[in-house]
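Hi everyone, thanks for coming. I'll walk you through one structure today, so let's get it up on the screen.

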Amino acid sequence: MVSQVTSLRAAINALKQHQEQLETQLGKSKLERLLFNLEEINLDIENFANQLINASTKESALEQLTETVDSFQYGSIPHILGHLETIEELLENNFSTFPMPATGATISLS
Amino acid sequence: MQPALNATINFELSNDLFIKNCLRAVHRFKLTTTVFILAQKVKKKVKGLFQQIIIHLARLLSEPVAGKPPHHQDNPERDRPNWWQEIKTFVTQIQAENLSEAQLRKILEDAFSVEEIDAVIEALRQASDIMGEPPLNLFQ
């Protein structure tokens, strides 16, 4: 079985590639905010990965790995959760009054 | 017979006392361990939040802070209010731990140099200026 490796960075780039198409559904401002929040999450994850790689090459690897994991758990995770909540709000607001194409009526998902 | 009975009673009493003392010691040990674990969590949390403050100050000021280069510079003018709000939340979360300045410095100096801590305090002052708000004070 061949595993396909992808990343959040690739997902952000894909969203940017389809920016015009997505803007018609989300609106320019919301799409910008979505990308901003995803970028913030991705930077924390990339930073974590880089620090882990960096730590593994050091003599005091175990100590540095512990520091890195602690920093991610207590600093990055709450930060990421904050951005996820914002994304959730963004998308919920968008879909709570999603127009039904056939009738033009709206359906509430809340 | 009488002295032997007394001895048994004394032994039982002291045995009972011994168990009580053991239980008291176990409870004290549990309490100390819990306090220690909580203190460790506070330390880790404060260090993690301080790291996030550094990262976001570098983004907001568009320059390195305490050795951290600025990332996410697509449109800093637009994104500054977001980062500023996040910095204020991180500072509030640290303040909520009700640590004295000496306690906070001691925790931070375990992971950051004095120069790095001072650079962050200066960067917080600059960021407050840019955002047109009163200086944000990490130390209560």
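So, to start us off: which pattern does chain A follow, read along the sequence? Going through it in order, chain A runs α-α-α-α-β-β. In other words, we've got four helices and two strands in that chain. One thing to keep in mind all the way through: this is a predicted model.

Let me stay with chain A for a bit. There are 110 residues in chain A, and 11% of those are buried. As for the contacts, take the ones with a separation of 6 or more: 47% of them join residues 24 or more positions apart.

Now let's look at some helix pairs. Find helix H1 of chain A, residues 8-17, and helix H3 of chain A, residues 28-56. How do they pack? The angle is about 160 degrees, and the axes are 9 Å apart. Anything over 145 counts as roughly antiparallel, so H1(A) is roughly antiparallel to H3(A). The crossing of this pair, H1(A) and H3(A), is left-handed.

Who's touching whom there? On the H1(A) side you have Leu8(A), Arg9(A), Ile12(A), Leu15(A) and Lys16(A), and they meet Leu35(A), Leu38(A), Glu39(A), Ile41(A), Asn42(A) and Ile45(A) of H3(A). Sort the residues in that H1(A)–H3(A) contact by class and you get seven nonpolar, three charged and one polar.

Next up is helix H2 of chain A, residues 19-26.

From H2(A), the contact uses Gln19(A), Leu22(A), Glu23(A) and Leu26(A), and from H3(A) it uses Lys28(A), Lys30(A), Leu31(A) and Leu34(A). By class, the H2(A)–H3(A) contact comes to four nonpolar, three charged and one polar.

OK, let's bring in chain B. How many residues does each chain put into the contact between them? Chain A brings ten residues and chain B brings twelve. On the chain B side, helix H1 (2-61) and helix H2 (76-95) each supply at least two residues. H1(B) gives the most, with seven residues. And by class, the side of chain B that touches chain A has six polar, four charged and two nonpolar residues.

Moving on to the inside of chain B. Quick bit of background: in soluble globular proteins, nonpolar side chains tend to be buried together. The largest nonpolar core here has 23 residues, and those touching the most other members are Phe50(B), Ile53(B), Ile54(B), Leu57(B), Val65(B), Ile87(B) and Val120(B). Which elements give two or more residues to this core? They are H1, H2, helix H3 (101-109) and helix H4 (114-130) of chain B. The largest share comes from H1(B), with nine residues.

Let's zoom in on a couple of places. Leaving out residues up to four places away in sequence, Phe50(B) touches Leu108(B) and Phe112(B). Then there's Ala127(B), which sits in helix H4 of chain B. Is Ala127(B) buried or exposed? It counts as buried, because 23 other C-beta atoms lie within 10 Å. Beyond its neighbours within four places in sequence, Ala127(B) is in contact with Leu57(B), Leu60(B), Leu61(B), Trp84(B) and Ile87(B). Take Leu57(B) from that list: Ala127(B) and Leu57(B) are 70 residues apart in sequence, yet 7.2 Å apart in space, C-alpha to C-alpha.

Last topic, some backbone angles. Most residues other than glycine have a negative phi. With that in mind, look at His72(B), which isn't a glycine and has a positive phi of about 60 degrees. You'll find His72(B) in the loop between H1 and H2 of chain B, and it counts as partly exposed, because it has 17 C-beta neighbours inside 10 Å. Asn98(B) isn't a glycine either, and its phi is positive, about 55 degrees. Asn98(B) lies in the loop between H2 and H3 of chain B. With 10 other C-beta atoms within 10 Å, Asn98(B) is exposed.

Conventions. Residues are numbered from 1 along each chain as its sequence is written. Chains are lettered from A and ligands numbered from 1 in the order in which they are written. This is a predicted model: local features need pLDDT of at least 70, side-chain atom pairs count only at pLDDT 80 or more; totals for chains, interfaces and linings use all residues. A residue is buried if 20 or more other C-beta atoms lie within 10 Å of its own, exposed if 12 or fewer, and partly exposed in between; C-beta atoms are placed from the backbone. Two residues are in contact if their C-beta atoms, placed from the backbone, lie within 7 Å. Ala, Val, Leu, Ile, Met, Phe, Trp, Tyr, Cys and Pro count as nonpolar, Asp, Glu, Lys and Arg as charged, and the others, Gly among them, as polar. Axes are lines fitted to C-alpha atoms, for helices over the stretch in contact, and angles run from 0 to 180 degrees between N-to-C directions. Angles under 35 degrees count as roughly parallel, over 145 as roughly antiparallel, 65 to 115 as roughly perpendicular and the rest as oblique. A crossing is left-handed if the near helix is turned anticlockwise from the far one by less than a right angle, and right-handed if clockwise. A nonpolar core is a set of buried Ala, Val, Leu, Ile, Met, Phe, Trp, Tyr and Cys residues joined through C-beta atoms within 7 Å.
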